[in-house]
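I would like to walk through one protein slowly, so please keep the picture in view while I talk.

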Amino acid sequence: MKALAQFAMRGPLQASVIAAVSTAVPLLSWVGAAVVGLVMLRLGVSQGLVVGLWALLPALGWSWFGNDPTALFVLLQVIVMVAVLRATASWEKTLLTGSGLAIVASMLLPVLYPQLINQLVDTGISFYQRYNPDVAKQLGDQLDVLIRQVMNASMVGTFLLIAVLVTLLARSCQAGLYNPGGFRAEFHALRLSWPVAVLCVVAMFMAPLLGLNPVLVSWAAGFPLLFAGLGLIHGIVGKRKMSVQWLFLFYIALVLLSPSLMLLLLLLAFVDSWLDFRGKIKPPGPVE
């Protein structure tokens, strides 16, 4: 990816070509969004938008002719999040922006792509009627509502996850080319302020009471806490000068033990917003 980033930064023509071609290729649209983000971070929003227009064309093509809005939604979210990151240099505000964009996307999807949502809902209903007929019969008309909420939240959550990872990748490439070690220091220091952490937790618990989609709100409100928790783990490993194998084992455990370990990570991020665990850790001294 570093070689590709170096080639893209040679000029707007190279960046535009990479952004357009990679967005047009299935499963590579994230590369185009990352290139747009890199140009925005390094050269400014205006030049990034010029490159983004070339990536927008194939993204609209996938959205319109392929009935797949993933590339379009991810690209737009990355552009907004990178603009916020460049303007504020705050990952907290960037992640909150991503959560807000996820809520907006959840409202736009049923309006812009009703056929896609209906197809997914029909598939989900058929699955339950075939493999869980008792549950389907018990839920009745509520089954359609529940599956519609889950499908909407799953799609929006996927867009948000990809957009956040692409934003991280764009910042990592920028740091790798022009400020080695800068991204690592930023991610190790990623920590939410306690008002934001409280807001995220309150939103997750209040969503069902307010009649909101609980799955969607949990996705959106949990993302800042999740990445703050990942920053906490990386920061502790880095400050204690532990081997990278610990991070490798942690991510394996995160995959195998989810959602239990993920909930623990959210809790740690919430508590860290108050106690600042990394600030209390002293780097290991020389061995005597």
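Let me begin with a question: which residues are exposed on the other side of α13? They are Gln 245, Phe 248, Leu 249, Val 255 and Leu 256, where exposed means over 50% relative accessible area, buried means under 20%, and partly exposed lies in between, with a 1.4 Å probe and protein chains only.

Before I go on, a word about what we are looking at. This is a predicted model, in which local features need pLDDT of at least 70 and side-chain atom pairs count only at pLDDT 80 or more, while totals for chains, interfaces and linings use all residues. Residues are numbered from 1 along each chain as its sequence is written, and side-chain values use heavy atoms, with hydrogens and water left out. The pLDDT is the predictor's confidence in each residue, from 0 to 100, and the protein averages 91, with 98% of the residues scoring at least 70. Confidence is lowest in helix α8, residues 133-139, at a mean of 75, and highest in helix α5, residues 70-88, at 96; the helices here are DSSP runs (H or I, at least four residues), numbered from the N terminus.

Now back to helix α13, which covers residues 244-256. Its 13 residues reach 19 Å from the first C-alpha to the last, close to the 18 Å expected at 1.5 Å a residue, the expected span being 1.5 Å times one less than the number of residues. The buried residues of α13 are Leu 247, Phe 250 and Leu 254. Seen down the axis of α13, these buried residues fall within an arc of 55 degrees, so they line one face of the helix, the arc being that of the directions from the helix axis to the C-beta atoms. An α-helix has 3.6 residues a turn, so residues three or four places apart point the same way. The buried residues of α13 pack against α12 (214-239) and α14 (260-275).

Between α13 and α14 there is a loop, and Pro 259 lies in it. What kind of peptide bond joins Ser 258 and Pro 259? The bond is cis, with omega about 5 degrees. Most residues other than glycine have a negative phi, and most peptide bonds are trans.

Helix α14 itself has 16 residues and reaches 22 Å from its first C-alpha to its last, close to the 22 Å expected. Leu 261, Leu 265, Leu 266, Ala 269, Asp 272 and Ser 273 are buried in α14. Viewed down the axis of α14, the buried residues fall within an arc of 150 degrees, so they line one face of the helix. The face turned away from that buried side carries the exposed residues Ser 260 and Leu 263, and what covers the buried residues of α14 includes α11 (194-206), α12 and α13.

Leaving aside neighbours within four places in sequence, Leu 225 is in contact (heavy atoms within 4.5 Å) with several residues, including Leu 266 and Ala 269.

Finally, the aromatic rings. A search of the whole structure finds 9 aromatic pairs; rings of Phe, Tyr and Trp (its six-membered ring) pair if their centres lie within 6.5 Å, and planes under 30 degrees apart count as stacked, over 60 as edge-to-face and the rest as tilted. The rings of Trp 91 and Phe 183 have their centres 6.5 Å apart and their planes at 70 degrees, so the pair is edge-to-face. This pair links distant parts of the chain, with Trp 91 in helix α6 and Phe 183 in helix α10, 92 residues apart, and both Trp 91 and Phe 183 are buried. Phe 250 and Tyr 251 also form an edge-to-face pair, 5.2 Å centre to centre, where Phe 250 is buried at a relative accessible area of 14% and Tyr 251 is partly exposed at 31%.

How values were computed. Helices (H or I, at least four residues) and strands (E, at least two) are DSSP runs, numbered from the N terminus.
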